[in-house]
Amino acid sequence: MFRAGKLSVAVMALLALGGGFLGVSAAAASQPLAQPQAAVTGETYVIGTDTTFAPFEYRKDGELTGIDMDLIRGIAKSQGFTVEIKSLGFDAALQALQSNQVDGVIAGMSITDERELIFDFSDPYFDSGVQMAVAEDNTEITGYSDLAGETVVAKRGSEGETFANSIKDEYDFTVKALADSATMYDDVKAGNSVAVFDDYPVLAYGINQNNGLKSVTEKEQGSSYGFAVNKGQNPELLAAFNTGLADLKDNGEYQAILDTYLEQPAPAAASGFFGLLSDSMPALMKGLGLTLLATGLSILIALVLGVLFGFFTVSESRVLRGIASVYVSIFRGTPLLVQAFFFYFGLPQLTGQSIDVLTAGVLTLSLNAGAYMTEIVRGGIQSVDPGQTEAGRSLGLGYVTTMRRVVLPQAVKIMTPSFINQFVMTLKDTSLLAVIGFAELTYQGQQIYAANFRTGETLLIVAALYFIVINLLTMLSNKLDKRFNK
Amino acid sequence: MSKISVKGLRKSFGSNEVLKGLDVEITEGEVVCVIGPSGSGKSTFLRCLNKLDELSAGTVIVDGFNLSDKTVDLNEVRQHIGMVFQHFNLFPHMTVLQNIMLAPTELKRESKADARATALKLLDRVGLADKATARPAQLSGGQKQRVAIARSLAVNPDIMLFDEATSALDPEMVGEVLQVIRDLAAEGMTMVVVTHEMGFAREVADRVIFMADGVIVEEGTPAQLFGNPQQERTQDFLSKVL
Ligand SMILES: Nc1ncnc2c1ncn2[C@@H]1O[C@H](COP(=O)(O)OP(=O)(O)OP(=O)(O)O)[C@@H](O)[C@H]1O
Ligand SMILES: [Mg+2]
């Protein structure tokens with residue numbers, strides 16, 4: 001698989017340039033491979049992996065499972081070491097490996113020249129490739145030559161897209177790129193495209209899960225997946241992996257693992273809607289928790305920003321007014337999604353300081369909501385009769401006292417409904433953070449239908465959760481508003 | 001002794017010169033009524049006396065404080081000058097009592113208990129002892145204006161400024177407010193009263209100033225100004241309002 005944010009590729013390439021020599025010399029200096037069994041016995045290794053990349057790693061009933069998981073656990077058992085698995089996400093796992101926060105990464109990762117500069121790879125443990133699939137009831141398309149004049153879909157930036165583009169002129173079809181497998185499969189089922197080009201194992205797993213598709217061509221030979229350690233680090237772990245892999249291949253366990261996920265049509269007992277509801281609840285609740293956390297933090301910070309810049313907008317200083325108006329126009333004048341991308345991907349590139357996804361998400365939402373809060377505060381203060389300020393000042397009260405005792409209590413009352421509105425908007429906006437991989441409610445929903453392909457039902461549940469929470473919070477806020485602002 | 005001394009006062013809003021050089025001396029205990037057509041600058045003049053409006057030029061000395069001096073503590077000065085507005089400007093989120101107690105307590109001039117006692121006394125004085133816990137919205141216009149006067153008096157000012165204090169009132173309520181002002185005059189309070197009530201000006205004023213187009217056209221005792229105006233502009237104005 002060729003996933004990997006452009007960012008991490010760039011960062012890795014940079015590190016490879018800077019640290020390449022160091023890494024190589026460290027590798028040369030490390031002792032020749034010791035007997036692996038002896039070296040790793042009794043050790044515990046921390047292994048990083050992706051969050052969801054079915055069938056290599058995904059959660060089933062809350063447990064991490066998949067080909068990678070079964071393999072690494074099987075190898076650990078055969079070689080007598082223990083693994084502690086951290087489900088970090090693909091980019092994060094690679095970054096953790098580079099900074100030695102994990103000892104190894106197994107994440108359906110293609111062995112590429114670029115990555116070999118900074119990591120040491122095991123023997124390939126899986127040969128991937130691209131395969132084409134069509135809707136189950138489609139009898140017209142049986143090969144590439146039937147695609148003439150049709151549209152096919154492939155995952156953006158994937159081997160599938162590269163392959164489809166390489167043959168589209170020959171067979172005269174159009175390639176459309178989408179972001180993830182579940183959406184692509186829905187696109188084919190809905191008839192928007194006639195076929196999908198996807199990673200063979202992902203596709204095979206989906207078909208195995210009754211995603212409504214069937215494969216009609218042989219897989220095209222593609223890249224190989226490998227287990228990686230940081231360059232020059234943990235050579236004994238790498239050696240143990242290779243030995244263990246060979247063992248599992250010899251005793252048939254390796255094939256059994258592949259068959260479990262790719263061959264045997266062991267359809268997850270297609271549970272009804274309520275089965276899906278109860279299965280997905282734990283993950284969705286975790287997501288909802290993060291949604292509320294991000295909303296709460298963002299709203300608090302936005303409130304502070306809004307009050308600060310709101311006062312700037314009504315201040316007598318031209319400079320302060322200018323600062324506030326620039327701030328507001330920047331954050332109101334650009335899409336939230338662009339802001340989120342900027343803070344998560346752009347800013348680290350500019351500063352060289354990586355930023356975790358919660359921080360980036362809260363930063364985005366609070367700066368964005370802060371701009372709207374600024375306008376709410378300005379509007380609230382300006383809607384208070386200037387005569388009120390004059391009365392306060394003419395009594396000899398200072399600016400601050402007049403604001404605090406006379407203007408603000410009246411402004412807050414005017415502002416409260418807008419505040420509640422902004423609160424709801426921000427809560428809904430958290431769903432946009434799914435695109436930067438923040439594991440909030442929408443993201444959890446996407447993860448669930450990425451694994452079970454029940455897009456419609458899952459999204460219904462997600463939407464219902466938002467609806468319930470938002471309405472409860474709105475009711476609560478209105479109650480409080482009535483109580484304190486009578 | 002001069003309580004208010006204004007020399008060469010000019011005030012512009014942008015390119016619009018509203019006050020074009022005023023000279024006024026007001027002595028302690030004097031009641032000065034300011035009359036004149038709409039837009040002549042009466043309110044602006046009053047607002048320059050406690051610097052709610054910045055001065056463009058000239059000097060204003062009030063109760064010994066030079067307002068043209070940038071370093072003067074305006075909050076201190078304003079505690080010596082009470083101001084009553086046409087639209088009352090009571091604080092709607094506070095009770096009548098809280099309105100009156102706000103400045104004395106915030107300015108740490110009085111303890112809460114003392115401020116409360118003072119406030120009740122002032123309310124009694126303006127005839128509203130029974131309205132202490134009411135909200136402004138529950139009062140009539142005349143009652144609101146009397147509360148506003150009590151609120152100004154709570155910081156114990158030496159000078160009171162009234163800007164058309166009765167213009168927003170229904171006719172039957174004008175009397176009760178004028179009575180309060182009349183009482184203050186009788187107690188010797190120095191006052192500048194902008195008013196359209198010519199009868200009242202004639203009755204309580206020691207001196208009447210007639211303003212038009214940002215200048216003082218004519219001033220004198222009520223008898224002189226109302227009985228025997230010298231300027232054509234004054235005669236013209238009086239013929240319209242009397
Ligand atoms: N804040 C301001 N900005 C610009 N112009 C102003 C401002 N305040 C007053 N003016 C102008 O100054 C002039 C004098 O206004 P002012 O309120 O002092 O008149 P006035 O004599 O009190 O009139 P009225 O009897 O209607 O109350 C008017 O032309 C008015 O438009
Ligand atoms: Mg006026």
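**Entry 1: ligand 1**

I started at Thr44(B): one of its polar side-chain atoms sits 2.5 Å from an oxygen atom of ligand 1, a polar contact (a pair of N or O atoms within 3.5 Å). This is a predicted model, where local features need pLDDT of at least 70, side-chain atom pairs count only at pLDDT 80 or more, and totals for chains, interfaces and linings use all residues. Residues are numbered from 1 along each chain as its sequence is written, chains are lettered from A and ligands numbered from 1 in the order written, and side-chain values use heavy atoms, with hydrogens and water left out.

I then looked up the backbone: a polar backbone atom of Gly39(B) is 2.8 Å from an oxygen of ligand 1, and a backbone N or O of Gly41(B) is 3.0 Å from one. Alone, ligand 1 exposes 640 Å², of which the protein buries 58% (Shrake-Rupley areas, 1.4 Å probe).

Which helix gives the most to the shell around ligand 1? I found H1 (residues 42-49) of chain B, with three residues; helices here are DSSP runs of H or I, at least four residues, and strands are E runs of at least two, numbered from the N terminus.

**Entry 2: the sheet in chain A**

I traced an open, mixed sheet of five strands, ordered E4-E1-E5-E13-E6; strands pair if DSSP finds at least two bridges between them. The edges are E4 (82-87) and E6 (119-121) of chain A, each pairing on one side only. I noted that E1 (residues 44-49) of chain A runs parallel with E4(A) over six bridges. Thr49(A) stands opposite Ser87(A) in E4(A).

How values were computed: Polar contact = N/O pair within 3.5 Å; in protein donor to acceptor, adjacent residues only side chain to side chain.
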